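Please look over the structure shown below before reading on.

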Amino acid sequence: MLGQEKIRELTQQVLAMSKAEQTEVVFTGTDSALTRFANSAIHQNVAEGNTEVRVRVVYGKRIGVASGNDLTPEALKRAVDTARAIAMRQRENPEFKSLPAPQPIQNVEAFVERTANFSPEQRAQVVNALCKKAKAKGVVAAGAFRTSASEIAVANSLGVFAYHPGTVASLTTVMMADTGSGYAEVAHADASAINADALAEEAIGKAIKSRNPTVAEPGEYTVLLEESAVEDMLNFFAFLSFSALAVQEERSFMRGKSGEKVMSENVTLWDDGLAPDTLALPFDFEGVPRQRVMLVENGIARGIVYDTPTAQREGKTSTGHSLPAPNSMGPLALHLFMAPGETPKNEMIKNIERGIWVTRFWYTRVLQPMPVLITGMTRDGTFLIENGAITRPIKNMRFTTSYLDAFNHIRAISRETKLTHEEWTGGARRMPAIVTDGFRFTGVTQ
Amino acid sequence: MKDLTGRALNIAQVRGASYADVRIVERVTQHVAVKNGKVEALEQEESLGFGVRVLVNGAWGFAAGSRLEPKDVERVVTQAVAIARASALCKGRDVNLGAKIESKGVYETPIKINPFTISLDEKIGLLLKADAEMRRVKGVKVARGDLTFVRENKQFASTEGAEVKQEIVECGCGIVAMATDPATGDVQVRSYPNAGGRHQQARGYEFILEQKLAENAGRVAEDAVALLRADQCPSYDAMTILLDGSQMALQIHESCGHPIELDRVLGSEAAYAGTSFLTPDKLNKFRYGSDLVNITADATIPGGLGTFGWDDEGVPAQKSDIVKNGLFVGYLMSRESAHELRLGASNGTMRADGWNRMPIIRMTNVSLLPGTWNLDDLVADMDDGIWMETNRSWSIDDKRLNFQVGTEMAWEIKGGKKTRMLKNATYTGITPEFWNSCDAISNEKSWVVWGTPNCGKGQPSQVAHTGHGASPARFRNVRVGVVK
Ligand SMILES: [Zn+2]
């Protein structure tokens with residue numbers, strides 16, 4: 001960790017090197033460690049320190065980007081020169097207007113010293129306790145315990161300077177019995193808030209309960225989807241539906257639907273990078289403050305997220321959802337929330353006459369973007385529900401179903417929510433468990 | 001650099017490591033992307049650093065740093081040793097690497113034209129031309145094209161005396177046309193030369209020129225628009241299908257390449273990527289596919305993304321049999337896993353995604369060897385079937401058994417001829433049943449070394465570039481569409 005002042009100096013140094021009309025510097029620094037375990041023992045255990053400086057230069061309407069991880073003055077100069085050389089050969093982008101101007105950015109506390117200083121011994125102790133618990137119950141433990149500290153800063157020649165430090169701790173586990181397995185996960189900015197004991201109990205309980213599974217016939221079922229499965233659905237909505245680029249390119253169901261009902265009345269979804277109960281990041285990769293964006297309110301389509309290019313295309317302002325330049329993916333909702341419901345999670349099963357309990361989804365892929373038609377498998381804890389109770393474990397099933405359709409048939413939402421960390425984007429999700437009807441299963445695995 | 005590796009290995013031994021290796025890796029990536037007539041991305045990324053892997057008390061530790069100053073080397077090596085000591089607090093069997101590896105030498109990807117000497121103007125021009133060709137077709141909503149160039153210089157040294165230096169160069173390219181019908185909500189895409197618009201090989205710029213993007217752009221765009229009006233692919237319980245080469249490459253990657261990774265088999269990926277149905281009791285006994293099916297893992301194929309001099313444990317590149325006349329006969333192995341199962345020496349498949357990742361078992365070039373059929377004869381030999389081209393989606397369970405695949409475009413084949421175009425074609429199956437239903441593979445004339453530059457595995461996540469030689473092949477009694 002370099003700290004705010006050193007990074008400010010470094011970004012100013014880069015801005016001073018550039019002769020471009022506008023210049024932007026994005027700094028990211030990460031110290032991360034991950035302890036991985038399988039067969040109830042640590043088998044991979046790694047740590048990494050890395051930095052990246054990403055320079056975007058603007059000459060007229062021509063833009064070039066270069067990045068490097070070497071912080072010496074010579075290397076920084078080289079990045080600036082490469083970005084310039086690229087811009088000189090670039091074609092004009094007629095849509096480009098300007099890099100964003102400074103706006104006030106709210107400070108959000110997301111850095112926990114304890115997490116940043118968490119040692120390999122501390123991680124090993126947590127993992128060891130978890131593995132011992134598994135062995136005592138006759139199951140095999142696998143999983144990963146990650147702790148990381150990161151700093152992100154964005155500066156540009158128009159006066160933007162935004163800096164944010166954050167930490168993440170996440171623990172995931174799959175417990176395996178001879179013919180069954182159980183999954184559990186948890187994330188928090190504070191590593192000491194991770195309750196490994198409870199996590200182990202949950203996964204071990206599932207592994208034992210899911211032994212000797214039998215086949216359930218494919219078909220339409222009512223499903224109880226736990227938080228990890230709901231997270232997968234939110235990820236696809238974020239990527240396929242809630243981005244202004246997806247709407248502009250006519251591949252999102254949100255297109256032309258503002259103010260209309262698109263989901264069940266009990267569904268409220270929003271994005272909020274400033275919330276205290278997410279892994280906060282108060283600005284985006286252009287240094288624009290993140291706004292809280294209501295996406296779906298009581299089932300009614302309310303909004304989508306924008307970055308500067310997609311906002312300018314519609315004469316709007318960015319909502320602070322840009323990814324790092326150059327970005328062809330468009331804006332992305334990184335801090336999605338789904339509002340909790342009224343039902344305690346342990347009572348959700350009561351009104352299900354016949355259905356399937358799903359712990360998590362696996363290998364989900366898009367078949368058609370508009371209806372968010374997805375195929376995937378269930379994994380690590382799939383059970384048949386009959387007359388309000390779990391009656392038996394079942395073999396993992398393949399589903400091919402529209403997530404949008406599923407969010408139009410939600411009959412119960414849990415009162416409790418869970419926070420998860422998304423590795424690829426560094427974002428976070430907070431969501432409840434749900435019960436929805438008409439979920440289409442199309443196959444069974446062996 | 002030799003100073004750095006020597007110093008790192010020395011510190012590791014002084015601190016108590018029984019084995020250590022160090023890799024210094026510098027990777028330069030250039031990316032050019034064009035979308036709807038505009039240059040959307042033009043960037044160059046450089047990343048330099050080193051990673052140290054140590055064995056202490058029979059357990060692994062790994063640490064990596066981006067600064068190469070002597071004090072940083074000392075700090076990172078010390079960290080790796082501390083991590084290994086922590087691993088030993090909760091270890092399984094002591095790690096045994098088997099026989100020593102003392103490789104020495106230099107390897108460079110053979111290239112004709114160095115892609116980093118080609119001007120950005122030329123690269124942009126090539127994509128803009130293809131882009132214009134695509135957008136000339138009425139009904140195309142989004143046209144995009146990509147070029148990717150990678151140069152990786154890496155140095156590996158170990159306390160066993162191995163010392164190798166490699167330069168790997170890759171070139172990748174592709175175009176995609178997307179057509180939409182807002183009235184029906186239909187979205188159709190067509191890619192060339194490979195799914196998602198990226199084919200890649202370990203070759204020079206000559207590879208890009210051979211792909212003739214602009215010459216193929218019009219056809220690709222017309223296909224995308226035609227798909228909007230095409231009939232929906234019907235569902236069948238049992239149908240004959242013919243898969244094109246790029247789709248076969250993916251079928252091999254997902255249903256053979258991953259389940260033969262010995263670390264998955266031994267449970268290392270159980271909590272994440274998953275395990276494998278190809279358990280050790282099946283080795284040399286299990287009928288994976290029909291007699292026609294011969295699959296090899298070969299890190300020496302010219303142009304393959306899994307082609308190199310040595311893997312990231314210093315083990316030389318080699319070719320080994322995976323499936324022979326339908327019988328499952330081999331795994332992708334590391335030193336540790338090969339020794340654990342007493343399967344002899346490693347066949348050299350450990351690779352790391354850059355300096356900041358620990359090597360794990362990765363596919364090299366896992367290929368289906370060509371059969372005897374001319375592709376035209378193969379089509380003519382089909383009374384009633386479906387030809388499917390270019391992957392659109394892929395999903396498989398965590399043991400690699402139940403898969404479902406979507407393709408971009410399909411054709412009905414009746415009486416040995418392609419008749420009507422079909423959209424949204426999917427097929428589904430169980431891995432060994434599927435491969436046992438293979439009854440024809442086309443010959444070397446249609447055999448291509450496809451590149452998969454986006455294979456994800458491991459925690460923290462790693463992306464590997466793998467190669468797959470494949471030609472079109474036919475399968476009987478396959479479930480097509482989503483039947484109740
Ligand atoms: Zn893969």
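What follows describes a predicted model, beginning with the helix and then turning to the strands.

**The helix H1(B)**

Helix H1 of chain B, residues 2-14, has 13 residues and spans 18 Å from its first C-alpha to its last, close to the 18 Å expected at 1.5 Å a residue. Its buried residues are B:Leu4, B:Thr5, B:Ala8, B:Leu9, B:Ile11 and B:Ala12. Seen down the axis of H1(B), these buried residues fall within an arc of 160°, so they line one face of the helix. An α-helix has 3.6 residues a turn, so residues three or four places apart point the same way. The cover over the buried residues of H1(B) includes strand E1 (19-35), strand E2 (38-56), helix H2 (70-87) and strand E5 (140-158) of chain B, whereas the face turned away from the buried side carries the exposed residues B:Lys2, B:Asp3 and B:Val14. After H1(B) comes B:Gly16, which has a positive phi near 115°.

| Strand pair | Bridges | Direction |
|---|---|---|
| E12(B) and E13(B) (residues 327-328) | two bridges | antiparallel |

E12(B) and E13(B) form a hairpin with two residues between them, and in its turn B:Asn325 has a positive phi of about 45°.

Note on methods: Residues are numbered from 1 along each chain as its sequence is written. Chains are lettered from A and ligands numbered from 1 in the order in which they are written. This is a predicted model: local features need pLDDT of at least 70, side-chain atom pairs count only at pLDDT 80 or more; totals for chains, interfaces and linings use all residues. Side-chain values use heavy atoms; hydrogens and water are left out. Helices (H or I, at least four residues) and strands (E, at least two) are DSSP runs, numbered from the N terminus. The expected span of a helix is 1.5 Å times one less than its number of residues. Buried means under 20% relative accessible area, exposed over 50%, partly exposed in between (1.4 Å probe, protein chains only). The arc is that of the directions from the helix axis to the C-beta atoms. Contact means heavy atoms within 4.5 Å. Two strands pair if DSSP finds at least two bridges between them.
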